[in-house]
Amino acid sequence: MVYLTALVALVLAPLCIALPDAVDYVIAGGGATGLPLAVRLSEDPSKTVVVLEAGESGIGNPNITDLRLNRGNFGTANDWQFVTVPQAGAGNRVQDQVQARVLGGGSAINSGMYLRGNKIEYDALETLGATGWNWNSMFSAVKKSEHFFPPTVAEIQALGLTFNRDFHGFSGPVALSIQAQNVSRFFPEFAVPTLRALGHEINPDPNGGNHNGASWDFLTALPDTSTRSYAVSGYYLPVANRTNLFVMTNSHVSRILWAPEKTKSGLLTATGVEYLDLKEAGGPKSKIINAKNVIISGSALNTPKILELSGVGDSSILQSVGIETRIDLPGVGANLCNQPITSASYLVKNGTVDAGNAIRSAIINVQPFNKYLDAIDLERSRKMLSGPPAGLSEPQFRIMKKMIETTDVPQMEFAWNIAADSNNVSTLTFDRIILLKPLSRGFVHINSTNPLDLPIVDPRYLNSPHDKFVFAKAVEYTRTIVNTEPLKSIIEGPVVPGSSVQTEADFLNDVNTR
């Protein structure tokens, strides 16, 4: 307790120092990107950096520090509690959109699971015009951010854990480890042999640009513990006493401030931000910070909101709520993409396996479509890809279609987890069946000028017929997995979806309504 009190005092100490009239950098959002960026910028002692975070500090909150308790943040003050509009492609259901509203952002409340994308995906960013954004530049940067703790020899021998040292950094601020404590023998004895029997690759380390196949789960946690390592503990706390770094929580950025006149070339100049101080006793109070540089790091859902409240966005949307258009930029809030996720579970025969007590799914299996669609379904998939769905640009669609057809890039994730209830009844759950690269595109936009109002969020889940088809087929494929030996020998039967779900139409209905 003394340790935590000291940390809180350390975090709040810079707030006692008066800000200069104009700081060098103000960053809207103290999340997984904004906070590390502030730390890096403040390495120059001549530069003053301010971070404005709408949420609390979260320091000392066990729901943050203990990965096992991360769901305790959902639906609380540490979550923006965004919800979608009814999703036409998913049974008109309203979906929660969990997003962190706390210092450290998603790194503070996520599951802690760590899996880098595919080299081809990163290189595609440069193909689309983001010069310098490619695998090689990204790979070099992320290795600097991590401190990988390899498993012990005993853990490697006990479970068959694998990794590649060349894919990792060993002196960065964020800890990375492979969970090895309390991991069930189910994984090396049943999961891995079953995956091999299905013809699925076993990937020794998915973090080197090719993550096809099944691999052991890497976690942003201190080794052999459930203690989270994240932006606050790794980046911020070691330097929180810097006198040129100001991290202000409960500070909700409402809009960007602009210079009254455009430059000679017709450009707008940002001069600072307006924010709401949520700590004021009489209620939120509007305040201003002047800055030479303004950085918006509010996430996929909040950054468009700040831009639109600042007059940057689609002029028709801005006019509809009475905001003067400063820059007509229709792409703001468009092209919203989010991954649909579901699960499937199966009852394990009593006494056949000890479920252990792992923190997360111990094995992550990511596969291209040809690993779970048969030849007939692959042809149906191909025919559905004749053109882009609404909202997806032609250049993006061509790249995504090529990734699907070449089978070099995984499209679906199956996370394997086994757990026992209080009666020692064990269940195998594919607790994250995720369509990794959906074609469906939606939007996020403001619907009022009140900065405290939540935006309208519409990811249009499963609006693309192709998305719904391959998603339902993935759930159906879990039946093939559990009917493959040696796993088949210990499975009692399906739990969710139940045994009555059998046909393609049944599985389509399941993903539409569950």
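Reply: Happy to! A charge sits over a ring if NZ of Lys or CZ of Arg is within 6 Å of the ring centre and within 35 degrees of the ring normal. In this predicted model, Lys 143 lies over the face of Phe 139, at 4.5 Å from the ring centre. Arg 101 is placed over the face of Trp 80, at 5.0 Å from the ring centre.

Me: Why is the pair of Phe 186 and Phe 187 called edge-to-face?

Reply: Ring centres must lie within 6.5 Å to pair, and planes over 60 degrees apart count as edge-to-face. The centres of Phe 186 and Phe 187 are 5.2 Å apart and their planes are at 80°, so this pair is edge-to-face. By this rule the count comes to 16 aromatic pairs.

Me: What makes Tyr 372 and Phe 414 an edge-to-face pair, and where do the two residues sit?

Reply: Their ring centres are 5.9 Å apart with the planes at 80°, so the pair is edge-to-face. It links distant parts of the chain: Tyr 372 is in the loop between strand S18 and helix H12, while Phe 414 is in strand S19, 42 residues apart. Both Tyr 372 and Phe 414 are buried.

Me: Which residues have the most contacts inside the largest nonpolar core?

Reply: Phe 186, Phe 187 and Trp 416 do, in a core of 64 residues. Helix H14 gives the most to this core, with 9 residues. A second, separate core has 25 residues, including Tyr 25 and Val 239. Phe 186, Phe 187 and Trp 416 also belong to one aromatic cluster with Phe 190, Tyr 346 and Phe 430.

How values were computed: Residues numbered from 1 in each chain as written. Predicted model: local features only at pLDDT ≥ 70, side-chain atom pairs only at ≥ 80, totals over all residues. Heavy atoms only, no water. Phe/Tyr/Trp six-rings, centres within 6.5 Å; stacked < 30°, edge-to-face > 60°. Helix = DSSP H or I, 4+ residues; strand = E, 2+ residues; numbered from the N terminus. Buried < 20%, exposed > 50% of the residue type's maximum accessible area, 1.4 Å probe, protein only. Core = buried A, V, L, I, M, F, W, Y, C linked by side-chain atoms within 4.5 Å.
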